[in-house]
Amino acid sequence: MLKAEDKKITSPDGKLVVQISANAGLPSYSVSYNGKIFLKPSPIGLKTNVGDFTKDVVLNDTVLSNSIDNTYALPNIKKSQVHYQANEAVFLCSKNGKRAIDIIFRVSNNDVAFRYKVYPQRDKLSCVVNEETSGFIFPEGTTTFLCPQSKPMVGFARTMPSYETSYTPDAPMGENGRDNNGFTFPSLFKVGTQGWVLISETGVDSRYCGSRLIGRADGLYTIGFPMEGENNGNGTASPGIMLPGYTPWRTITVGETLAPIMETTVPFDVVEPRYEASQKYEYTKGTWSWIMKMDGATVYDVQKQYIDFSAAMGYNTVLVDALWDTQIGYKKIEELAKYGASKNVSLYLWYNSNGYWNDAPQGPRGIMDNTIARRKEMAWMKSIGVKGIKVDFFGGDKQVTMKLYEDILYDANDYGIMVIFHGCTLPRGWERMYPNYAASEAVLASENLHFGQHSCDNEAFNACLHPFIRNAVGSMDFGGSALNKFYNSNNTPNRGTKRVTSDVYALATAVLFQSGVQHFALAPNNLTDAPAWAVDFMKTVPTTWDEVRFIDGYPGKYAIIARRQGDKWYVAGINAQKETIKLKLKLPMFAAGSQLSLYNDDAALNGKITPLKINKKQEAEIVIPCNGGIVIVN
Ligand code: CA
């Protein structure tokens, strides 16, 4: 008989507590905050083809503990300097008297991260992980804010899954997504009246697969590997690791309010850069014609016009989207790059990731999937001063695809090229791991506003989810902040889909949604048909920040956050609810009596900019109508 063993690890402030045990050889852990249970005793362990480490596991009496105190730079996401303090405990586990795995926990004030180290078993120096039983059991009454995983090989040109499904807020537990395929990370839970939990993973690279969350009975969610059908069935769903070797980090962010969820840096705290930057990378703003004008407009004259437009906005890049290889051609792209350089505007070029994993027909194809073709192309790009690439239409989350992401990034760094991913997976710590990583889509992004009125009608609802879920763990290339009233080539009334959100809303989302590199959905006609105050705001709004703070909000209803760059604060808010909201915001970042500027909407969503004086208690009263916004700046 194995004896019951209990071990505990607490956060530096003592409030977050993880309790580990191995009753009857079954390892488990639980999480509490301020004395309240957030995760009940939950399974831990993994099954590999060199051993089943989910049962008959003995926790060694010796626990290796370590306090971590790191400061690191994080220029491209959330806050420019991070101070990470955590207590680490390494639980040594044996099976049949032999060293089997370590379970490594790091507990900071609002975040738990854990992973496994697997040891060689006899002469086996490699293994396949068939299942991770790592799970999360929530107390009864917990509700969920989850995004279902798509079936593989469906959607446009069989390109799914690409993290482009809709969230259901405040849903009961006990579901397992569409077609029983689980949910994508990150996954938000509201634990009764006591607070919030965000589950995700980080540190995923070529050495593992991306995972999803599987919903089970009795409040249990477990780690799920990719579906066999992803990547057109090629590559294994079960990851392989060299031994000794590590699995990625599972992360649990816990808060009594949404502040620790929205402000978390855990995806970056527990990872390390995978290689050195070949140069100092610049995080730029730019424009792209595709969002208003679509495929047919990837032609020389339109791209030249957008270079002029980017220059007029003071932006440094233009994104030339799909089909430039045939509709512009390589020689004319060189001319375009030269023309852009004369205006201080560099090119981002679009590429298909294909490949053998789906049927996306847009060119250029057959380059990014192959290291020989890719490096030759990147050498050409470097020779004409191309700043970055946007690679689209990936094939899922299997280890073979994670390797493709890493290989593209690593090769691109050799040529000083930054990388945006589209039609892709969630970034998992990549802002810190890969120095030339720019952003990922992995969201129902602005293109859907062009594709269908339903998306326009739900624009604010979705936007009120992202700061607390998708964008909380990594760059989100939404490509938004449109000032066109209509999604068509020249903002012609009553053609195509109609934007129902206000101009102030558009400005607010430029602050709410973060990617270090942004290509906004602005159009040259906005220089004359949008309010001057809106265009001026979009010229100067930063894309990288020194600090971020949650102010108020509820996922899917309204969101108000603040970001700081230097001495300048931007407080941005939007409202998706039918009713106008009136709030008294506590804004401790502004001194009592400060004179500020307020961008806000009237009841008919007409925006204006007015002076605002903060009261003695450092409060400001604000009103946001449905589909409207506010921005307060000092
Ligand atoms: Ca997409």
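Predicted model: local features only at pLDDT ≥ 70, side-chain atom pairs only at ≥ 80, totals over all residues.
1. A residue is called buried under 20% relative accessible area, exposed over 50%, and partly exposed in between. By that scale arginine 375 is partly exposed, because its relative accessible area is 27%.

2. Arginine 375 and aspartate 411 form a salt bridge through their side chains, with an N to O distance of 2.6 Å. The pair connects distant parts of the chain, since arginine 375 belongs to helix H7 and aspartate 411 to helix H8 (residues 399-414), 36 residues apart. Aspartate 411 has a relative accessible area of 6% and is therefore buried, while arginine 375, at 27%, is partly exposed.

3. Glutamate 282 pairs with lysine 387 in a salt bridge whose closest N and O atoms are 3.5 Å apart. Glutamate 282 sits in the loop between helix H2 (266-269) and strand E22 (285-288), and lysine 387 in the loop between helix H7 (371-384) and strand E25 (388-392), so the bridge ties together parts that are 105 residues apart in sequence. Both ends are partly exposed: glutamate 282 has 46% relative accessibility, and lysine 387 has a relative accessible area of 21%.

4. Lysine 331 and glutamate 334 make a local pair, a salt bridge with the closest N and O atoms 3.3 Å apart. Both residues are in helix H6 (residues 330-342); they are three residues apart, and so about one helical turn separates them. Lysine 331 is exposed, with a relative accessible area of 63%, whereas glutamate 334 is partly exposed at 23%.

5. How many salt bridges does the structure hold? The count is 29. Besides the pairs described above, a network of salt bridges links Glu132, Glu201, Arg250 and Arg428.

6. Glutamate 441 is buried, because its relative accessibility is 1%. Glutamate 447 also counts as buried, with a relative accessibility of 16%.

7. The chain contains 15 helices and 38 strands. Its radius of gyration is 24 Å, close to the 26 Å that the globule rule gives for 634 residues, so the chain is as compact as a globular protein of that length. The C-alpha trace spans about 80 × 65 × 45 Å along the principal axes.

8. Of the 634 residues in the chain, 64% are buried. Among contacts in the chain with a separation of 6 or more, 71% come from residues 24 or more positions apart. The chain exposes about 22,800 Å², and carbon and sulfur atoms supply 49% of that area.

Methods:
Residues numbered from 1 in each chain as written. Heavy atoms only, no water. Salt bridge = Lys/Arg side-chain N within 4 Å of Asp/Glu carboxyl O. Helix = DSSP H or I, 4+ residues; strand = E, 2+ residues; numbered from the N terminus. Buried < 20%, exposed > 50% of the residue type's maximum accessible area, 1.4 Å probe, protein only. Rg over C-alpha atoms; globule rule 2.2 N^0.38 Å. Contact = heavy atoms within 4.5 Å. Areas by Shrake-Rupley, 256 points an atom, 1.4 Å probe, with all protein chains shown as cover.
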